[in-house]
Amino acid sequence: MAENILLSALRRYEFYSYSSTFISELYKTVSQELYGDTNWEWDYNTTNEYSIPRSWNSTSRFTGNQGTITAKNKNDPSLFFTISMNISRFYTNYYTNDYTRSYLLRTGYRNNGSVVKPDLYTEVGAVSEIPLNTCINEAYSNTSNAPNVYWKWSLFSSQHYIFMLGEPQNATDVAYPVRLYLGKLKPFENEDPLVANDFVGVFGHYPLGLNMSDDELKYGTGRGYVRTSRNGTANALYHFSTSSQVSSPGLGGRYFVSPFYVWHESEGVRGEFYGIRTAVLRDAGMYPDGSILDLGEERYYVFHVMNQQHPATHQGFYTSNGAYYNGQPYFFDSPLLLGGGQRVLLFEIEKEV
């Protein structure tokens, strides 16, 4: 059962799916005529070659198409995202069977016209894949360990971004909340027009580009890709972080609202997520889920999120090329909330003119 809430240009959708049906259920939700999306034009197909899982050690062995969805911004056609579902698999000669490891998302952020492809994956590779679940590090055992987790999904969309949150509904240590930001990023300074329109990124709950787990900067912080860096580098790897762990309101009724800072190792902080911030509410009853937080100059739609606990055992995942990446989710600075309270995401309600 899907739900839709309209707030100015902001849309909120809710739906349920298994990992294997995420793409199709997402499309069913956003394409319902009753709702309509004034910001994005969605499309869905099951013929895209990048959503066909192939065993990493025997590419001639494959399974059925997992589905691809695209979203094109109605106001800015260059703002375009592709998401293809895939599965990490391998083939064993001894057992003459194929085993699965992780459900994966392959993404793209360029409008390639009639050619639908997750260009971030095609240009960067499997290190850019986003896991829906983790698994044990036994690549060649005769055990499949990519559970088909059942999720509750919340989708927020505005004219600038698409933001998805998936909360696993079954008690398990092989899946933790999925966070996925696809959209424009807001620079803190005026930028060169040659790169300003390409300050667009893909940022997930799992540090993207993770190929050195012993590097603390890469292992212990959020990270994603931007279409073009300030110096013109395509598919640039950027970190992101918040600074909100202290509960609000504090002394004098002050609210500690934090943006998602987007920064580059050599550039420093460049900007933030467009229109999404976070805070910790000392008394969640003051602002229940779906309420409006009015701070005078800014108004936010309040969304309660579950704590992002780090998995105790299944801490990594296999990409489609067979590489195992050990890591932790780092969408927020930490699951630890100083002083307790409720973590919330704040979606800015833009003023209508």
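Buried denotes a relative accessible area under 20%, exposed one over 50%, and partly exposed a value in between, computed with a 1.4 Å probe on protein chains only. The structure is a predicted model, in which local features need pLDDT of at least 70 and side-chain atom pairs count only at pLDDT 80 or more, while totals for chains, interfaces and linings use all residues. Residues are numbered from 1 along each chain as its sequence is written, and side-chain values use heavy atoms, with hydrogens and water left out.

**View 1. A salt bridge joins Arg-12 and Asp-289.** A salt bridge is a side-chain nitrogen of Lys or Arg within 4 Å of a carboxyl oxygen of Asp or Glu. For Arg-12 and Asp-289 the N to O distance is 2.9 Å. The pair connects distant parts of the chain, 277 residues apart: Arg-12 belongs to strand 2 (residues 10-18), and Asp-289 to the loop between strand 18 (268-281) and strand 19 (292-294). Helices (H or I, at least four residues) and strands (E, at least two) are DSSP runs numbered from the N terminus. Arg-12 is buried, at 5% relative accessibility, whereas Asp-289 is partly exposed, at 35%.

**View 2. Glu-129 and Arg-106 form a salt bridge.** Their N to O distance is 2.9 Å. This pair also links distant parts of the chain, 23 residues apart, with Glu-129 in the loop between helix 2 (119-124) and strand 9 (130-131) and Arg-106 in strand 8 (residues 97-108). Glu-129 is buried, with a relative accessible area of 1%, and Arg-106 is buried at 7% relative accessibility. The structure holds 14 salt bridges. Elsewhere, a network of salt bridges links Glu-189, Glu-191, Arg-230 and Arg-270.

**View 3. Helix 1 has buried residues along one face.** The buried residues of helix 1 are Phe-22, Ile-23, Leu-26, Thr-29 and Val-30. Viewed down the helix axis, these residues fall within an arc of 125 degrees, so they line one face of helix 1. The arc is that of the directions from the helix axis to the C-beta atoms. Helix 1 (residues 22-30) also contains Glu-25 and Lys-28, which are 3 residues apart and separated by about one helical turn. Glu-25 and Lys-28 form a salt bridge whose closest N and O atoms are 3.2 Å apart. Glu-25 is partly exposed, at 22% relative accessibility.

**View 4. Ser-19 lies in the loop between strand 2 and helix 1.** Ser-19 is buried, with a relative accessible area of 0%. Contact means heavy atoms within 4.5 Å. Apart from its neighbours within four places in sequence, Ser-19 is in contact with Met-85, Tyr-103, Leu-132, Pro-147, Asn-148, Val-149 and Trp-151.

**View 5. Tyr-261 is located in strand 17 (residues 258-264).** At 28% relative accessibility, Tyr-261 is partly exposed. Leaving aside neighbours within four places in sequence, its contacts are Phe-188, His-239, Phe-240, Ser-241, Ser-243, Val-269 and Gly-271. Tyr-261 and Tyr-176 are 85 residues apart in sequence, and their C-alpha atoms are 23 Å apart in space.

**View 6. The largest cavity has a volume of about 40 Å³.** On a 1 Å grid over the protein atoms alone, a cavity is a set of points where a 1.4 Å probe fits but cannot get out, and lining residues have an atom within 4 Å of a point. The lining consists of Met-306, Asn-307, Gln-308, Phe-332, Ser-334, Pro-335, Leu-337 and Arg-343. Of these residues, 4 are nonpolar, 3 polar and 1 charged.

**View 7. The second largest cavity contains about 30 Å³ of space.** Trp-42, Ile-69, Thr-70, Ala-71, Phe-81, Ile-83, Ile-162 and Leu-182 form its lining. Strand 6 (68-73) and strand 7 (80-92) are the elements that each give two or more residues to this lining. Strand 6 supplies the largest share, 3 residues. The lining comprises 7 nonpolar residues, 1 polar and no charged.

**View 8. A cis peptide bond joins Ser-248 and Pro-249.** Its omega is about -5 degrees. Pro-249 occupies the loop between strand 16 (247-248) and strand 17. Asn-235, in strand 15 (residues 234-241), has a positive phi of about 50 degrees although it is not a glycine. Asn-235 is buried, with a relative accessible area of 13%.

Conventions
1 Å grid on protein atoms, 1.4 Å probe; cavity = no way out; pocket = protein on both sides within 12 Å on 5 of 7 lines; lining within 4 Å. Points joined across faces, edges and corners; volume = space filled by probe spheres on them. Nonpolar A, V, L, I, M, F, W, Y, C, P; charged D, E, K, R; others polar.
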